[in-house]
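Please look over the sequence and the 3D structure shown here before reading on.

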Amino acid sequence: MNKTTIVKQVKENFPSGLVVFLVALPLCLGIALASGAPPLSGIIAGIVGGIVVGYLSNSNISVAGPAAGIVAIVLGAITELGSFDLFLCTGIIAGIIQLLLGVFRAGSISNFFPNNVIEGMLAGIGIIIIFKQIPHAIGLDEDYEGNQRLFQHGLGVDKYFFRHIMESVENLFGSIHPGAIIVTLVSMGILLMWDHINILRKIKLLPGALVAVIIGILLNEVFKATGSKFAIGREHLVTLPVPKTLGDFKNLIDFPNFKGFLIPRVWVIGATIAAVASIETLLSIEAADRIDPKKRITDTNLELRAQGIGNMISALIGGLPMTSVIVRSSANATAGATSKASTIIHGILLLICVLTIPMILNLIPLATLAAVLILVGYKLAKPSTFLHFWKYGWYQFIPFIATALAVVFLDLLYGVGIGLAISIFYILEGNMKRAYYLSREELDDTKELTIRLAEEVSFLNKAAIKKTLKNIKPNSVVTINAENSSYIDTEVLEIIQDFTNVLAKEENITVNLVGFEIYEKKSHDNISRVSVKHKNTI
C-alpha cells in the first residue's frame with residue numbers, strides 16, 4: 001500500500017475511528033469493572049484489539065476488544081484463581097489455541113450460520129443496546145457499561161416476579177436525573193441532524209458523535225458553573241484512572257505470573273475462553289460482513305489467527321481477553337468506515353488519550369454516549385428488518401424472531417444456538433417432505449406411475465420413498481427417473497434395489513429405471529452408490 005493510499009484511508013476513516021473510540025472507551029472500562037479486573041486491563045485489550053488485531057485482520061468493519069460475552073467466565077476465573085496475574089496465563093493459552101484454530105482452518109464453520117439467524121442476533125443485540133442505555137440516558141447508572149444481558153438474575157417466574165418488575169420500574173423513573181435527560185435529548189438531536197442535513201454531512205472530519213460529546217461536556221460544565229440542579233455528578237460521567245506519574249502508570253499494569261502454567265485449572269479456563277471467544281468472534285465477523293455497505297467477505301481463518309495473536313499480546317501486558325465485538329463494529333459501520341484503518345485509528349486514539357488526557361475524557365457524560373448507542377441499536381433492530389423476514393414467510397421469520405428474543409432474554413450464544421436449532425428443524429422438515437410421495441388412496445386407480453427423484457436424495461427422504469413404493473398396487477408399471485439426480489444416498493439406492501428385485505417381482509410390478517447405470521452380478525442385480533453426474537449405479 002503506497003503513501004497516497006494510506007493518507008486517503010486515514011482521512012476517510014478518521015471520523016468513524018473517532019466515533020468508535022468514544023463508544024469503546026466506556027465499554028472497555030465497564031467490562032473490566034464487571035470482570036473484577038483492574039480498570040486499565042479493559043483499555044489495554046481495546047488498544048491491542050484496535051491496533052494489533054485491526055492490522056492483522058482483513059475485516060474492514062469489525063472492531064475487536066474486551067467482550068461482555070465472556071465477562072462471567074473471566075469473573076469466575078479471577079475469583080477461582082485468586083489473582084489477576086495468574087488469570088493472565090489463561091489469556092495466553094486462549095490466544096495460542098485460537099491461533100492453532102486459525103491455522104487448521106476452523107473459521108469455515110461461520111459459513112453455516114444462516115442469514116436469518118445472524119440478522120436475528122443483530123436485532124436482539126440492537127434491542128439490548130437500546131434498553132441497556134436508557135438508564136444512562138436518564139441518569140440512572142446502576143448497571144455497568146458494556147453489559148449485554150438485559151435480565152441479570154434470570155427470568156424465573158415466581159410469586160414475586162411481577163413485584164420485582166414493578167419495583168424496577170419505580171426505581172427507574174424515581175431516580176431520573178433531569179440534566180442527563182437534557183444532555184441525551186440535545187445529543188440525540190445533534191446526531192439526527194448530522195445524518196439528515198446535507199450541509200452538516202459534508203463536514204466529514206467533524207462527526208456528529210464528536211460534536212455531541214463536546215456539546216454534552218460544555219452543557220454540563222455550564223450547569224456546574226451556575227450551580228444548577230441539572231449538573232451531572234461524577235457517577236454519571238466516564239471514569240478513567242488518572243496516573244500522575246510514570247510510576248503510577250506502571251502500578252496500574254499487571255503482568256502474568258508464569259507459575260500459572262503449572263496449574264491444570266488454568267489450562268481448562270484458557271481452553272474455555274478460546275472456545276467461547278472464537279464462536280463470538282465468528283458470529284460477529286459474519287454479522288459485520290452483513291452490515292458492510294460494500295459486502296466484503298472476511299477471511300475467518302485469518303481472523304482467528306489475528307485474534308489469537310491479539311489475545312496473547314493483550315495477556316502479556318495485562319489486558320483482558322478479547323473478541324470481535326458487534327456493538328463496536330455496528331458503530332463503526334454506522335459512522336461510515338470504509339476500511340480497517342478506522343479500527344486501527346480507534347486503537348491509537350485509546351492509547352494516546354489514556355496516556356495524555358484522561359482527565360478530559362472523564363468529563364464526558366454517559367448520557368451523550370447513550371444517545372450514540374441508542375441510535376446504533378435502532379439501526380440494528382429497525383422495524384423494516386422484522387417486516388422483511390415476515391414477508392419471506394414462517395420458514396425465515398420464526399428462526400429470525402426466535403434468535404432475537406432468545407438473545408434478548410437469555411444470552412447471545414444461547415440465542416444463536418436456539419436460532420440454529422429451529423433453522424435445522426425447518427431444513428429437516430423440508431427435506432423429509434417429498435412431492436412424489438403418494439398415499440394409498442391416490443394409488444388405487446393408478447396403473448402407471450412415474451417417480452421423479454430430486455437433484456439430491458438423502459437418507460432423510462428414505463421414509464417417504466419407502467412409503468411410496470410400499471403403496472404401489474400389484475400389476476402396475478412404475479418408472480423411477482433419476483435423470484435429474486446428482487446424488488442419491490446409498491440407503492435410498494438399497495431400498496430401490498430391494499423393491500426392484502424382490503417386492504416388484506412378487507407383486508408383478510414392472511419397474512423401469514431411468515438415469516441409473518445398470519450392471520449384472522452372477523446371482524442378482526445390484527445397486528451401488530452414485531458415481532459421477534446423473535449416473536446412479538444399479
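This is a predicted model: local features need pLDDT of at least 70, side-chain atom pairs count only at pLDDT 80 or more; totals for chains, interfaces and linings use all residues.

Residues are numbered from 1 along each chain as its sequence is written, and side-chain values use heavy atoms, with hydrogens and water left out.

The protein chain has 22 helices and nine strands; these are DSSP runs numbered from the N terminus, with H or I and at least four residues for helices, and E and at least two for strands. Of its 538 residues, 50% count as buried. Buried stands for under 20% relative accessible area, exposed for over 50% and partly exposed for what lies in between, with a 1.4 Å probe and protein chains only. Among contacts in the protein chain with a separation of 6 or more, 81% join residues 24 or more positions apart; a contact is a pair with heavy atoms within 4.5 Å.

Next come the nonpolar cores, each a set of buried Ala, Val, Leu, Ile, Met, Phe, Trp, Tyr and Cys residues joined through side-chain atoms within 4.5 Å. The largest has 94 residues, of which Phe21, Ile43, Phe87, Ile125, Leu320 and Ile364 touch the most other members. Helix 1 (residues 3–34) gives the most to this core, with 12 residues. Another core lies apart from it and has 21 residues, including Leu469, Val492, Leu493 and Ile509.

How do helix 5 and helix 11 cross, and at what angle? The axes of helix 5 (residues 115–138) and helix 11 (residues 264–291) come within 10 Å and cross at roughly 90°. Axes here are lines fitted to C-alpha atoms, for helices over the stretch in contact, and angles run from 0 to 180 degrees between N-to-C directions. The angle therefore makes helix 5 roughly perpendicular to helix 11, a label for 65 to 115 degrees; under 35 is roughly parallel, over 145 roughly antiparallel, and the rest oblique. Helix 5 makes the contact through Asn115, Ile118, Glu119, Met121 and Leu122, and helix 11 through Leu283, Glu286, Ala287, Arg290 and Ile291.

Glu119, in helix 5, counts as buried because its relative accessibility is 13%. Leaving aside neighbours within four places in sequence, Glu119 is in contact with Arg290, Thr385, Phe389 and Phe400. Asp289 lies in helix 11 and is also buried, with a relative accessible area of 15%. Not counting residues up to four places away in sequence, Asp289 touches Lys295, Arg296, Ile297 and Thr298.

Helix 12 (residues 300–316) is mostly covered, with 12 of its 17 residues buried. Its buried residues, among them Leu304, Gly308 and Met312, pack against helix 2 (39–56), strand 1 (64–66), helix 4 (84–103), helix 11 and strand 2 (322–324).

Two residues stand out by their backbone angles. Most residues other than glycine have a negative phi. Arg105, although not a glycine, has a positive phi of about 60°. Arg105 sits in the loop between helix 4 and helix 5 and is exposed, with a relative accessible area of 54%. Asn508 is not a glycine either and has a positive phi of about 60°; its place is in the loop between helix 22 (490–506) and strand 7 (510–514).
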